[in-house]
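Subject: Structure handover and notes

Hello,

Please find the structure below. My notes on what was found in it follow.

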Amino acid sequence: MSAFNRVLAHHTEPVDPKLVDWLRHKIDDLLGVDSVVMVAALGAVIVLFPVVLLTLVWIQRRRGSRYS
Amino acid sequence: MNEGRQKTGPFYGWYVVAALFFSTFIVIGVRQGFGVFVESWEKDFGVTTTAVSVAAAIGWIVNGVSQPLFGALTDRLGARRVLIAGMLLMGIGTILVAASTSPLMLAVTYGFVVSFASGALSFTPAGALLSRWFVRRRGSAMSVLTVGGSVSGMIMIPFLAYFLLNASWQTVWLTIGVMMLVLGLPVLIVIVRSSPEDMNLLPDGDTESFEDGAGGRTARSTAAGPLTTNRWQQSFRSAPMWQLSAAYWVCGVTTASISVHFVRWASSEGISPGTAALAFGLLSGINAMGVLTVGSISDRMQRKNLLGMVYLVRGLAFVSLIVLPGGVALWAFAIIGGMSWLATVPLTTSLAADVYGVKKLGTLAGLINMAHQLGGGAAVIVFGRVFDRFGSYDLAFAGGAVFLLMAGITALSIREKRYSARFAPVSGPTVQAATVPVAAAGADGD
């Protein structure tokens, strides 16, 4: 395998596929949940962050306009 | 406490930090996530790993070279435009990856388009932008941004890996591309502004301006140091630019080499890849805490002292790989190295901003980052050659330790109190300013 694909997690280099696979199995052993549930849970975290952030900014701007 | 700030909640700059945290999170996830798909591409394209790796190799080079370019564009057009254009292009590029039908197409879509666009979303424009929003808490803000990359590894990579179990790689890339366009792009457009002045605010949420050294009035952030410049070329006539770049080059050398060769070293010591991965995971977790701690402390003391310490601590981690037995060295490196792993990023960018000002920071940060990438690329090859020649990494690790010792001394020798605007004399606050609430400030950016 090329050295470029062995790069782990510093800055923006690709992760090693074998290590990702190992990590996935470890998570499976630890949590024992279906992979679909993991996708949904992690996906929800990813989607909720910007949604919550945009909502907070919207609330702050509304408050700001009320006091201006 | 200022009444206006009480009414309108936290300083708006922290929302900008959160928005950039998310863009860093998603972009680094896509970049690191490449490795998750290698086996799928091998099967679908009917090629070897090496053929697929060409796209990653091209991507690494393109990303490194793009940094000064986007840095210069940041200085010329404002970071907001660069970030938005980058997210748009990267979203499209990510969708195009889903349409790849050959390694050549993958090299074009990922290696060129995605990797080039990710340069526009890197620490270069984001760091330059945050330097305008924060002065007193610059290190803290930068460290939160940096942690976005660490958190991405903990959430995005498992997400991609599990997603790939339930869908084709095309569907995964298409979904990520759509997420970038539907979530990432609006976050940048709605929240991010190139500077607090765009919203009639002052850096750090200050409500008072100060007299500058020239008899005028200014926000604390614009108080000029002796090396504050409007021409990036001038920075190379002073020591701090060379000191920061040289030290950051060593950062690239030592992190890229370990990233690539850590597992191979572990194997040579009889340690399983799984244990090595666990140690590296521990390193990542410690590093996230380390970055936040170092960033926060750096706002209260000279940054160069912390930067020097970070390099010296990492040097100690390299020494541990040589002198300790394999199994012990693995965990010693994870703990000691973890404290220093990404901590150089917020410190270096913050210090560059403190010394040279924010006017040309994009270009300067881009050049410093390029030194990091070039050092990393060269080190990966050299470390590999050393192992092939001697059957051991000891000589390479010793070289890394010596480089880190030199980087530590170099960083400590930066005359921060003399050159940094943080230590430039300013008179007391006199003028009330920037109490305009967020909404009243308008939503226009650049």
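Chain B has 18 helices and three strands, while chain A has two helices and zero strands. Helices here are DSSP runs of H or I with at least four residues, strands are runs of E with at least two, and both are numbered from the N terminus. This is a predicted model, in which local features need pLDDT of at least 70 and side-chain atom pairs count only at pLDDT 80 or more, while totals for chains, interfaces and linings use all residues. Residues are numbered from 1 along each chain as its sequence is written, and chains are lettered from A and ligands numbered from 1 in the order in which they are written.

Burial and contacts

Of the 446 residues in chain B, 60% are buried. For chain A, which has 68 residues, the buried share is 38%. A residue is called buried if 20 or more other C-beta atoms lie within 10 Å of its own, exposed if 12 or fewer do, and partly exposed in between, with C-beta atoms placed from the backbone. Among the contacts in chain B with a separation of 6 or more, 83% are between residues 24 or more positions apart. A contact means that the C-beta atoms of two residues, placed from the backbone, lie within 7 Å.

Helix α11 of chain B

This helix covers residues 239-268 of chain B. Of the 30 residues in α11(B), 24 are buried, so the helix is mostly covered. At 1.5 Å a residue α11(B) should span 44 Å, and its end C-alpha atoms are 41 Å apart, which agrees. The expected span is 1.5 Å times one less than the number of residues. At B:H261, α11(B) bends by about 55 degrees; the bend is the angle between axes fitted to the seven residues ending there and the seven starting there. Just after α11(B), B:G270 has a positive phi of about 80 degrees.

The axis of α11(B) comes within 11 Å of that of α15(B), residues 344-356, and the two cross at roughly 170 degrees. Axes are lines fitted to C-alpha atoms, for helices over the stretch in contact, and angles run from 0 to 180 degrees between N-to-C directions. The two helices are therefore roughly antiparallel (over 145 degrees; under 35 is roughly parallel, 65 to 115 roughly perpendicular and the rest oblique). On the α11(B) side the contact is made by B:P240, B:L244, B:Y248 and B:C251, and on the α15(B) side by B:T344, B:T348, B:L351, B:A352 and B:V355. By class, this contact has seven nonpolar, two polar and no charged residues. Nonpolar covers Ala, Val, Leu, Ile, Met, Phe, Trp, Tyr, Cys and Pro; charged covers Asp, Glu, Lys and Arg; the others, Gly among them, are polar.

Other places in chain B

Helix α16(B), residues 361-390, reaches 43 Å from its first C-alpha to its last, close to the 44 Å expected for 30 residues. Just after α16(B), B:G391 takes a positive phi of about 70 degrees.

In the loop between α9 (169-191) and β1 (208-211) sits B:N200. Although B:N200 is not a glycine, its phi is positive, about 60 degrees. B:N200 counts as partly exposed because it has 15 C-beta neighbours inside 10 Å. B:D204 is also found in the loop between α9 and β1, and has a positive phi of about 65 degrees without being a glycine. With 20 C-beta neighbours inside 10 Å, B:D204 counts as buried.

Regards
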